[in-house]
Amino acid sequence: FDPLLSLVYVPETRRLGDYDGIIIGQIGVGKEWVESPEQAAGYATLFRILLRRELLKLDKFGFVSLAHDPSSESQDALGKALVVEGKITRFDTGSGLMRYFSYFLWFLQGGAPDPQTEGRITEAQTGRLVAEFVDRRRHLCNTPFGPNPHTFKAGYAMRVTAHESAKCLARFIDLGFEELPAAAAGLPDDDDESET
């Protein structure tokens with residue numbers, strides 16, 4: 001699924017269009033490789049809001065909601081829904097100066113924000129795993145026409161990166177609307193196995 005997500009595990013083929021809606025649960029913050037837990041928590045909140053907006057744009061699900069604790073809601077109220085939850089396991093805001101000069105010195109490619117989100121999509125009623133994913137997204141925030149002076153600000157760069165991450169996860173969910181094929185990370189398909 002690259003470049004949408006860095007890594008995906010789908011235990012069995014599913015059709016996401018069979019679900020009534022999506023609940024965006026908590027996005028926590030890990031302790032290792034997190035430069036600033038407070039900033040990472042803000043990024044997680046922003047990511048949830050942006051993901052909801054991107055999923056609503058698809059206009060394919062009956063509802064898309066934010067939930068503080070999906071397990072506390074009544075099972076009947078959830079209907080046949082999916083829950084997206086995750087954790088920020090890496091968070092580095094990068095260097096604005098390096099981002100800016102990476103436009104001129106393309107070989108540097110340094111300074112980009114480096115957030116990594118590990119998450120899972122489950123069935124709300126059963127807790128059954130639909131997919132696990134890892135998204136590690138880096139974005140220099142410059143434009144095709146020249147360097148972007150806003151890229152000096154870590155907050156701006158993180159907002160752009162969160163938006164790109166939300167768009168890519170929503171696109172992945174959109175692709176699975178008709179069918180999300182089973183894919184075990186790092187394992188060959190049955191057809192690819194050599195005969196011995």
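Buried, on this tour, means under 20% relative accessible area, with exposed over 50% and partly exposed in between (1.4 Å probe, protein chains only). Helices (H or I, at least four residues) and strands (E, at least two) are DSSP runs, numbered from the N terminus.

What you have open is a predicted model, in which local features need pLDDT of at least 70 and side-chain atom pairs count only at pLDDT 80 or more, while totals for chains, interfaces and linings use all residues. Residues are numbered from 1 along each chain as its sequence is written, and side-chain values use heavy atoms, leaving out hydrogens and water.

**Start with the whole protein.** Colour by secondary structure and you will find four helices and six strands, arranged from the N terminus as β-β-α-β-α-β-α-β-β-α. Of the 196 residues, 43% are buried.

**Now select the strands.** They form an open sheet of six with mixed pairing, in the order β1-β6-β5-β4-β2-β3. Two strands count as paired if DSSP finds at least two bridges between them.

**Zoom in on β4, residues 81-90.** How many of the ten residues of β4 are buried? Seven are, so the strand is mostly covered by the definition of buried given above.

**Step along to β5 and β6.** Select 116-123 and 129-136: these two strands pair in the antiparallel sense over seven bridges. Gln116 stands opposite Arg136 here.

**Next, show helix α1, residues 37-58.** This helix lies across β2 (21-29), β3 and β4, running at about 170 degrees to β2. Contact means heavy atoms within 4.5 Å; axes are lines fitted to C-alpha atoms, for helices over the stretch in contact, and angles run from 0 to 180 degrees between N-to-C directions.

**Finish inside.** A nonpolar core is a set of buried Ala, Val, Leu, Ile, Met, Phe, Trp, Tyr and Cys residues joined through side-chain atoms within 4.5 Å. Display Leu51, Ile121, Leu169, Phe172 and Ile173, which have the most contacts inside the largest core, a set of 37 residues. Its contributors of two or more residues are β2, α1, β4, β6 and α4 (154-175), and α4 gives the largest share, eight residues. A second, separate core of five residues includes Ile23, Ala81, Val83 and Ala124.
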